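Colleague: Please take me through the terms used for this model, setting each value against its definition.

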Amino acid sequence: GGGEGGGGGGGGGDGLARYLEVSLELFIDLMAQLPTRRFFHAVLADSQLLARSRDSPHAASERGRLFGRLCTLLRDYDKFAVDDHSGAAVPDAEQRAAACERLLSLQRLAFEVESLKPFALAHLSSLDSPPALRAHFASLPPAALAALCERAGLVRSAADGEALGTSGLLSLLIETFAKVPSQREAIGAMPLYPDESTPWDEALVPPPPDREGAASLGGSAPLALPKLNLQFLTLHDYLLRNFALFRLEATHEIKEDVQDAVRRLAPRPAPGGEGVTFAGWARMALPLDDFKLFKVGRPRLGELAPSEVRAEAIVSTRGCRADVAAEWSGLRRHDVVFLLSVSGPPASGAPAAAPFPVACGL
């Protein structure tokens, strides 16, 4: 009920949304330090907070974007590979073995249910994804699903399970038994540079002080960012936090450079409504004369991103000063160049509070 109320437009809804965000920030701080983690981790698991947040209408709304980001950060600490009591880092092999043992125990319970025999006899690697778990258990009657969750130790009683409903129980199963990528895999999947949405996601990259809403920089609103406290879970946790903050600092600088260049270009819709013209000029931003995409390589084994992307972008330095043309001619291999698609502001005009990409058609 609290999640639904947080999405409202009234002051009460905004206040409830802020309360949820600040509460999550507190929970993250408790999970990010060993002295409090070893006690609070059991409380968090018993509350089923992370499972309930999966289907929260507030987390799926635009107003709940920060709430969703904070839930993701809390989930990362919940699954962090560390022994809560000894503080020792858990190797990836031990973490995978523990996850397989949990799934095996669920298969043993499912073997006693006739409709779950395919699940009980299937290979583990085909069962540890959220779609696979949902497909196998969604057809169970609510009472049977609640009884199974009770026997698996996910709910205190079958009555509590039925109160959660089928959707809540499925979220609980997914939260407990779905595969969690290792931290090394997660880092390897991260792009070197930000995507199109990250620079303007104010839950990750705060607005500058001269903009409305910059009070978040003063600490009055939480941010979905790791904190450099005096205590860390492991050395790997310390390095991860620094890496995440370094990436976001670089993202902020890229965002400022892109916005400055686009503002100087002053894009406007072309006469007739087709295309765009630039009323201004930027030193290191030129319109493309032509762009051709030649090749998108297949991902390497075990990877998701293309192995290579080959393209040709043609710009003309005609009309540029000699020093600017020399800078463009001096670009070499491994120099970073960003390709921007700019359509200009909407013909009807953008709202005053519109994000920069919407206001400039970026």
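Modeller: Just after α3, Q48 takes a positive phi of about 60°. The model is predicted, so local features need pLDDT of at least 70 and side-chain atom pairs 80 or more, while totals for chains, interfaces and linings use all residues. Residues are numbered from 1 along each chain as its sequence is written, and side-chain values use heavy atoms, without hydrogens and water.

Colleague: Why is α3 called a helix, and what is its reach from first C-alpha to last?

Modeller: A helix is a DSSP run of H or I with at least four residues, and α3, residues 34–47, has 14. Its reach is 20 Å, close to the 20 Å expected, the expected span being 1.5 Å times one less than the number of residues.

Colleague: Where does α3 bend, and which of its residues are buried?

Modeller: The bend is about 40° at F40, taken as the angle between axes fitted to the seven residues ending there and the seven starting there. F40 is also buried, as are L34, R37, H41 and L44, which means that each has under 20% relative accessible area (1.4 Å probe, protein chains only).

Colleague: What makes the largest cavity a cavity, and which residues are closest to its centre?

Modeller: On a 1 Å grid over the protein atoms alone, a cavity is a set of points where a 1.4 Å probe fits but cannot get out. The largest cavity has a volume of about 80 Å³; of the 13 residues lining it, I28, D29, L73, L225 and K227 are closest to its centre, and α2 (11–31) and α6 each supply at least two.

How values were computed
Buried < 20%, exposed > 50% of the residue type's maximum accessible area, 1.4 Å probe, protein only. 1 Å grid on protein atoms, 1.4 Å probe; cavity = no way out; pocket = protein on both sides within 12 Å on 5 of 7 lines; lining within 4 Å. Points joined across faces, edges and corners; volume = space filled by probe spheres on them.
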